[in-house]
Amino acid sequence: MPSNSVPSHPTHISQQSEHTKNGAVALYSADTGSLLHRVETEAVLDLKWTHGGDAPVLAVADAKGGVSLVRVNEDSELEPLCSWSNQEKDVLCLSLDWSNRLETRQSSATPPHIIVSQSNGNLSLLELTSSSLVEKTSFNAHGFEAWIAAFDAWNAPSLLYSGGDDSLFKGWDLRAGDAFERFKSRKHSAGVCSIQSNPHREHILATGSYDEHVLIWDTRSFKQPIADHHTEGGGSMHSGFHVIDFSSGSVEEEFTASNTVTAYTDGEHGSLAYGADWSFAVAPVGSEGDCLKGSCSFYDHSFHLWR
């Protein structure tokens with residue numbers, strides 16, 4: 001969510017009789033909760049706002065194997081910009097990530113990139129030019145679904161990570177052009193479905209899995225995670241959304257303990273917890289740094305905002 005006025009919400013509706021999956025991207029005002037605009041699409045598996053720039057741009061990954069970019073125009077409507085397709089039948093785009101989370105770490109000459117993971121285990125690196133998304137490289141990363149791909153925020157677009165239904169967490173180096181596998185970890189015992197590079201602290205990375213564990217890593221060594229927090233409900237998907245505190249009062253003791261400080265449960269969401277994220281808008285004065293949070297659930301098509 002780029003600002004407090006334009007969160008977005010994906011939907012995914014399966015129509016088995018027609019073997020089609022339909023969805024939509026809806027734009028709401030975070031201040032009033034009112035619907036600003038809605039665009040019918042293929043079923044949406046992931047969507048993320050770009051970081052920086054004059055106008056917010058939203059990247060959307062869909063069930064037809066496509067990535068579409070839309071922007072918010074002056075009338076607060078979603079306006080298409082360009083798109084890319086993997087040109088594969090029945091191969092879904094499952095997740096995506098932007099390379100420009102930390103703009104100050106990138107040269108002004110480096111265009112934004114998007115990494116997209118797919119249901120055939122492939123990852124594709126896309127470059128945003130002035131008018132199109134151009135595929136720079138594509139490679140097989142996992143033997144089953146590649147549920148998640150994410151850049152190292154401090155070394156994008158050269159370094160990135162992926163997780164798959166094969167229970168593997170992998171790191172990739174793209175500096176030579178072709179993808180080089182830097183490491184392969186089996187510390188998760190089930191599918192790896194979430195990866196987040198810490199934009200505030202270099203060398204810190206979090207992974208989540210169906211094995212109900214959130215692991216914290218020091219990216220300088222992937223032999224062992226530096227912290228392990230157990231959630232319940234299949235990676236908390238069946239036990240709501242959790243805010244976890246890994247700090248313990250001093251830098252030396254960070255990540256030695258963890259505590260679930262907030263849990264948003266079935267009282268608010270009546271279905272599978274499918275996605276959550278923080279707003280990267282500046283927290284308002286008087287909020288004590290408590291940023292806006294968004295969460296969505298699967299079968300009931302529900303989206304909630306929290307402080």
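The legends below describe close-up views of a predicted model.

**View 1. Open sheet of strands S8 to S11.** Four strands form an open sheet in the order S8-S9-S10-S11, paired in the antiparallel sense. Strand S8 (93-98) and strand S11 (133-140) are at the edges; each has a single partner strand, so one side of each lacks a neighbour in the sheet. On average, neighbouring strands of this sheet are turned by 20 degrees against each other, direction ignored.

**View 2. Pairing of strands S10 and S11.** Strand S10 (residues 122-128) pairs with S11 over seven bridges, in the antiparallel sense. Ser124 has Ser138 in S11 as its bridge partner.

**View 3. Aromatic pair Tyr161 and Phe222.** The model has 12 aromatic pairs. In one of them, Tyr161 and Phe222 are tilted, with 5.9 Å centre to centre and 55 degrees between the planes. Tyr161 belongs to strand S13 (residues 159-163) and Phe222 to the loop between strand S18 (213-218) and strand S19 (227-230), so the pair ties together parts 61 residues apart in sequence. Tyr161 is buried at 0% relative accessibility, and Phe222 is buried at 13%.

**View 4. Aromatic pair Phe169 and Phe222.** The ring centres of Phe169 and Phe222 are 5.7 Å apart; their planes stand at 70 degrees, over the limit of 60, so the pair is edge-to-face. Phe169 lies in strand S14 (residues 169-173) and Phe222 in the loop between S18 and S19, 53 residues apart. Phe169 has a relative accessible area of 1% and is therefore buried.

**View 5. Aromatic cluster around these pairs.** One aromatic cluster is formed by Tyr161, Phe169, Phe183, Trp217 and Phe222.

Methods: Residues are numbered from 1 along each chain as its sequence is written. This is a predicted model: local features need pLDDT of at least 70, side-chain atom pairs count only at pLDDT 80 or more; totals for chains, interfaces and linings use all residues. Side-chain values use heavy atoms; hydrogens and water are left out. Two strands pair if DSSP finds at least two bridges between them. Helices (H or I, at least four residues) and strands (E, at least two) are DSSP runs, numbered from the N terminus. Axes are lines fitted to C-alpha atoms, for helices over the stretch in contact, and angles run from 0 to 180 degrees between N-to-C directions. Rings of Phe, Tyr and Trp (its six-membered ring) pair if their centres lie within 6.5 Å; planes under 30 degrees apart count as stacked, over 60 as edge-to-face and the rest as tilted. Buried means under 20% relative accessible area, exposed over 50%, partly exposed in between (1.4 Å probe, protein chains only).
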